[in-house]
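Trainee: I would like to learn how to read side-chain features in a structure. Please take them in turn.

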Amino acid sequence: MTLLRRLSAGDGTSRIVCLPYAGGNGTVYESWTAWLPSDVELWAPDLPAREQRMLEAPVEDMDLLVATLADELAADGRPTSLFGHSFGSLVAFEVARRLQRRSLPVNCLVVSGMAAPQVLPDRHAPTDAEILANLRSHGVAPPEFFQQPDLLELVMPGLRADYRMAMGYRYRDGEKLSARVCALGGTEDTGVPAEGLAAWAEQSATGSATRMWPGGHMYLLSHAEEVAAYVIGCHMRSIGRPLQSLEG
């Protein structure tokens with residue numbers, strides 16, 4: 001099972017891999033390709049049970065998802081940074097841990113819209129009604145999405161799988177990451193307070209940073225260019241490229 005695909009054109013000497021929120025897919029990051037340096041690739045998952053793979057069974061096991069992504073990344077030795085939003089932050093974190101255990105540490109980990117894993121409370125598996133209420137509250141989908149029963153029936157398997165993996169996630173102690181960890185969030189995201197983002201510092205042995213933008217949980221959609229520039233900047237610093245090289 002292949003999960004990753006390249007979003008950018010051309011070949012690069014390094015890459016950024018972006019993990020989406022629950023129910024999302026890599027297409028949410030396609031606009032980021034407009035701001036990439038020419039020698040950096042952008043990759044993202046192409047997950048079952050959504051978009052062109054809608055009729056495939058979803059991945060329902062977090063360990064399987066992480067292991068599959070790590071195996072695909074390990075097959076390529078180029079410098080790699082990871083970005084994840086919400087549920088994608090947990091996936092990115094666990095992929096980074098797994099790669100480090102294989103002596104293939106990522107260059108930088110940027111997490112967004114998720115408190116540090118060691119401070120997360122135990123959470124229960126949500127009902128379909130709770131999933132849809134959560135989507136409405138975050139503004140992930142337009143109002144008409146919730147009025148289309150046939151469409152909801154198609155997308156619910158992927159949503160259920162992602163939400164259950166997210167809510168069923170349990171942190172396990174482990175070695176700190178050698179990579180720098182940067183935590184991003186929205187100033188109005190009441191579910192992810194600033195102290196929850198700051199706690200990510202405990203997961204890095206080399207340093208961390210926190211940055212917040214105006215907005216709620218999906219702040220990154222309305223600040224796409226700024227967030228992309230920040231993530232790209234983190235990656236470029238991690239591979240030793242001067243920031244001046246990003247100009248123009």
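The dialogue below goes through aromatic rings, charges over rings, cysteines and one serine.

Mentor: This is a predicted model, in which local features need pLDDT of at least 70, side-chain atom pairs count only at pLDDT 80 or more, and totals for chains, interfaces and linings use all residues. Residues are numbered from 1 along each chain as its sequence is written, and side-chain values use heavy atoms, with hydrogens and water left out.

Trainee: How many aromatic pairs does the structure hold?

Mentor: Rings of Phe, Tyr and Trp (its six-membered ring) pair if their centres lie within 6.5 Å; planes under 30 degrees apart count as stacked, over 60 as edge-to-face and the rest as tilted. There are 8 aromatic pairs here. One of them joins Phe-93 and Trp-200 edge-to-face, with 5.6 Å from centre to centre and 80° between the planes. Phe-93 belongs to helix α2 (residues 87–101), while Trp-200 is in the loop between α5 (194–198) and β7 (208–213), 107 residues apart. Helices (H or I, at least four residues) and strands (E, at least two) are DSSP runs, numbered from the N terminus.

Trainee: Is Phe-93 buried or exposed?

Mentor: Buried means under 20% relative accessible area, exposed over 50%, and partly exposed in between (1.4 Å probe, protein chains only). Phe-93 has a relative accessible area of 1%, so Phe-93 is buried. Trp-200 is also buried, at 1%. For a stacked pair, look at Trp-213 and Tyr-219: their ring centres are 5.9 Å apart and their planes are at 10°.

Trainee: Which residue lies over the face of Phe-146?

Mentor: A charge sits over a ring if NZ of Lys or CZ of Arg is within 6 Å of the ring centre and within 35 degrees of the ring normal. Arg-136 lies over the face of Phe-146, 4.4 Å from the ring centre. Arg-15 lies over the face of Trp-43, at 5.7 Å.

Trainee: How many disulfides are there?

Mentor: A disulfide is a covalent bond between the sulfur atoms of two cysteines. The rule asks for a pair of cysteine sulfur atoms within 2.5 Å, and the count is 0. For Cys-108, the closest cysteine sulfur is in Cys-182, 4.5 Å away, which is too far for a bond.

Trainee: Where does Ser-204 lie?

Mentor: Ser-204 lies in the loop between α5 and β7, and is buried at 6% relative accessible area. A contact means heavy atoms within 4.5 Å. Not counting residues up to four places away in sequence, Ser-204 touches Lys-176, Leu-177, Ala-179, Arg-180 and Val-181.
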